[in-house]
Amino acid sequence: RWEDLPPVDAVLVTHNHWDHLDGPALARLWARFRPRIVTPLGNDAVIRRYAPGAAVTALDWGGRAELSDRLAVHCEPALHWSGRGLRDRRMALWGSFVLTDARGGVLYHVGDTAYGDGAPFRRVRERFGPPDVALVPIGAYEPRWFVGHEHVDPEEAVRIVLDCGARQAYGHHWGTFRLTWEAAMAPAEDLAAALGRHGLPPERFRALRPGEAVAPRWPRPGPA
């Protein structure tokens with residue numbers, strides 16, 4: 001619930017589709033918490049229509065913004081598109097985010113993407129090393145002839161994890177409301193099947209329910 005939110009220091013907006021850039025929600029977050037908002041180029045103008053005074057940083061692919069003296073966010077390519085109406089398709093950029101901390105930790109938030117040849121995901125591994133955690137979309141994938149050019153299915157999501165080398169992955173972009181043809185629980189079921197085909201343990205890549213919180217732990221040198 002809104003009343004249960006902890007303090008929000010930063011908001012990362014991957015692209016401007018209506019199910020990802022909710023203008024009134026961002027305005028409400030800005031009014032309450034005054035968070036730093038980071039988004040790919042062009043989406044800053046959309047956000048400021050709803051929250052004129054918002055502190056928005058717009059990044060190109062390959063761009064970086066410092067969130068604190070210990071934490072940075074990097075904008076990376078994704079295979080998707082943008083648009084909120086009939087006349088603004090691809091007029092704002094879309095992307096994914098990589099968070100890096102001063103101790104060498106890496107979190108990769110993939111956002112919406114197709115798989116293509118896998119190059120964007122291998123690029124993340126080459127630039128930042130294998131992520132400690134990857135947040136990977138697993139839903140809104142049927143029928144493939146219609147959405148395969150913009151959304152991965154669970155099989156391709158597993159390939160993303162293997163390409164980027166993430167030690168731990170969590171599935172998002174499912175279970176909130178039905179966008180496409182697959183059944184409500186199909187993403188989690190198909191993810192389990194894909195992990196089995198690749199010989200990966202189920203705990204390596206979990207499908208998180210909306211609102212579920214996790215505290216991943218992994219060996220990391222340096223002070224806590």
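Select W145 first: with a relative accessibility of 68%, W145 counts as exposed, because exposed means over 50%. The model on display is a predicted one. W145 belongs to helix α4, which covers residues 144-147.

Proceed next to the open sheet of 3 strands, whose order is β1-β2-β3 and whose pairing is parallel. Its edge strands are β1 (10-12) and β3 (56-59), each of which pairs on one side only. On average, neighbouring strands here are turned by 20 degrees against each other, direction ignored. Select residues 36-40 to display β2, which is joined to β3 in the parallel sense over 4 bridges. Within this pairing, T39 has A58 in β3 as its bridge partner. Then select residues 43-50: this is helix α2, which packs on the sheet and touches β2 and β3, its direction making about 140 degrees with that of β2.

The tour continues with an open sheet of 7 strands, in the order β4-β5-β6-β7-β8-β9-β10 and with mixed pairing. At its edges stand β4 (64-66) and β10 (205-207); each has a single partner strand, so one side of each is left without a neighbour in the sheet. The twist from one strand to the next averages 20 degrees. Select β7 (residues 106-109) and β8 (residues 133-137), which run parallel and are joined by 3 bridges. Here Y108 stands opposite A134 in β8. Finally, select residues 119-128, helix α3, which packs on the sheet and touches β5 (71-76), β6 (96-101) and β7. The direction of α3 makes about 145 degrees with that of β5.

Key: Residues numbered from 1 in each chain as written. Predicted model: local features only at pLDDT ≥ 70, side-chain atom pairs only at ≥ 80, totals over all residues. Heavy atoms only, no water. Pairing = 2+ DSSP bridges. Helix = DSSP H or I, 4+ residues; strand = E, 2+ residues; numbered from the N terminus. Axes fitted to C-alpha atoms, helices over the stretch in contact; angles between N-to-C directions. Contact = heavy atoms within 4.5 Å. Buried < 20%, exposed > 50% of the residue type's maximum accessible area, 1.4 Å probe, protein only.
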